[in-house]
Amino acid sequence: MIDLHDAAAANAHPPEFDAAFRDKFAELIAWRRDVRRFRRDPVAPELIHQLLDLAQLAPSVGNSQPWRFVSVDSAAMREKVRSNFLRCNAVAANVYDGERAALYARLKLEGIDVAPRQFALFCDRATAQGQGVGRQTMPEALDYSVVAMIETFWLAARTHGLGVGWVSILDPEQITRDLDVPAEWKFIAYLCVGWPVEEHVDPELVRVAWQDRTRAGRDVLSR
């Protein structure tokens with residue numbers, strides 16, 4: 001593994017990513033799934049620390065690294081998060097009717113009850129790091145930086161066989177109050193992390209016929 005603290009040595013020997021590596025990387029991206037069903041087996045703290053170290057290498061506007069992790073460990077706090085989800089999910093369910101409503105009710109949308117590690121991710125919008133570079137006209141670039149870090153963390157976790165699930169059906173203001181974080185921190189995501197019960201290359205929402213994938217990525221506008 002590259003010594004990230006010895007930049008001079010690393011720069012003297014930049015890596016060469018061959019076709020075999022690119023194929024494996026494409027496979028990694030394809031197999032990165034939003035996991036909702038976890039085993040209860042614990043995840044070694046050393047592995048989490050390794051993943052967090054890698055996540056620090058994610059791109060961020062002005063090298064601000066505005067991401068802030070809160071590890072949600074206590075049963076009491078997880079119950080608050082679960083209650084938050086249930087309330088928000090009940091409201092979300094009312095958006096649909098008929099067969100779509102019935103299908104929504106059957107969807108597995110979170111892993112809060114089982115996932116051994118759970119994190120709330122925030123963006124520190126008051127961070128002085130980066131000294132404001134790149135965010136004078138688009139301050140939301142700080143939020144986007146946290147999202148980029150999450151993808152880095154997610155892919156790194158997958159290389160170890162770990163699953164990650166992003167729970168977005170939550171009231172951001174409520175979870176911010178419950179976790180008692182600084183007022184300058186904006187809630188971005190709630191991640192469930194653990195060993196998946198099953199492996200699938202196709203997303204669950206595709207398998208249950210909720211929404212198929214599109215190929216719009218190749219439809220690039222030209223101006």
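The legends below describe close-up views of a predicted model.

View 1. Arg33 is buried yet takes part in no salt bridge, the nearest side chain of opposite charge being that of Asp202, 6.8 Å away. The side chain of Arg33 does, however, reach the backbone oxygen of Val201 at 3.0 Å. Not counting residues up to four places away in sequence, Arg33 touches Trp154, Val164, His200, Val201, Asp202, Pro203 and Arg213.

**View 2. Packing of helix H2 against helix H6 (residues 141-159).** The two helices pack at an angle of about 105 degrees, and their axes lie 10 Å apart; with angles of 65 to 115 degrees counting as roughly perpendicular, H2 and H6 are therefore described as roughly perpendicular to each other. On the H2 side the residues that meet H6 are Leu28, Ile29 and Trp31, and their counterparts in H6 are Leu155, Arg158 and Thr159.

**View 3. The salt bridge between Lys24 and Glu27.** The side chains of Lys24 and Glu27 meet with an N to O distance of 3.2 Å, and this pair belongs to a structure that holds 12 salt bridges. Because Lys24 and Glu27 are 3 residues apart in helix H2, they are separated by about one helical turn. Lys24 is exposed, with a relative accessible area of 55%, whereas Glu27, at 39% relative accessibility, counts as partly exposed. Ala26, which also lies in helix H2, is partly exposed, with a relative accessible area of 45%.

**View 4. A salt-bridge network containing Arg37, Asp202, Glu204 and Arg207.** Glu204 forms a salt bridge with Arg37, in which the closest N and O atoms are 2.7 Å apart. This pair links distant parts of the chain, with Glu204 in helix H8 (residues 204-207) and Arg37 in the loop between H2 and H3, 167 residues apart. Glu204 counts as buried at 12% relative accessibility, while Arg37 is partly exposed, with a relative accessible area of 32%. The side chains of Arg207 and Asp202 likewise meet in a salt bridge, at 3.8 Å from N to O; Arg207 is partly exposed at 31% relative accessible area, and Asp202 is partly exposed at 29%. Salt bridges that share partners join Arg37, Asp202, Glu204 and Arg207 into one network.

Technical notes: Residues numbered from 1 in each chain as written. Predicted model: local features only at pLDDT ≥ 70, side-chain atom pairs only at ≥ 80, totals over all residues. Heavy atoms only, no water. Buried < 20%, exposed > 50% of the residue type's maximum accessible area, 1.4 Å probe, protein only. Lys, Arg positive; Asp, Glu negative; His and termini not counted. Salt bridge = Lys/Arg side-chain N within 4 Å of Asp/Glu carboxyl O. Polar contact = N/O pair within 3.5 Å; in protein donor to acceptor, adjacent residues only side chain to side chain. Contact = heavy atoms within 4.5 Å. Axes fitted to C-alpha atoms, helices over the stretch in contact; angles between N-to-C directions. Helix = DSSP H or I, 4+ residues; strand = E, 2+ residues; numbered from the N terminus. Parallel < 35°, antiparallel > 145°, perpendicular 65-115°, else oblique.
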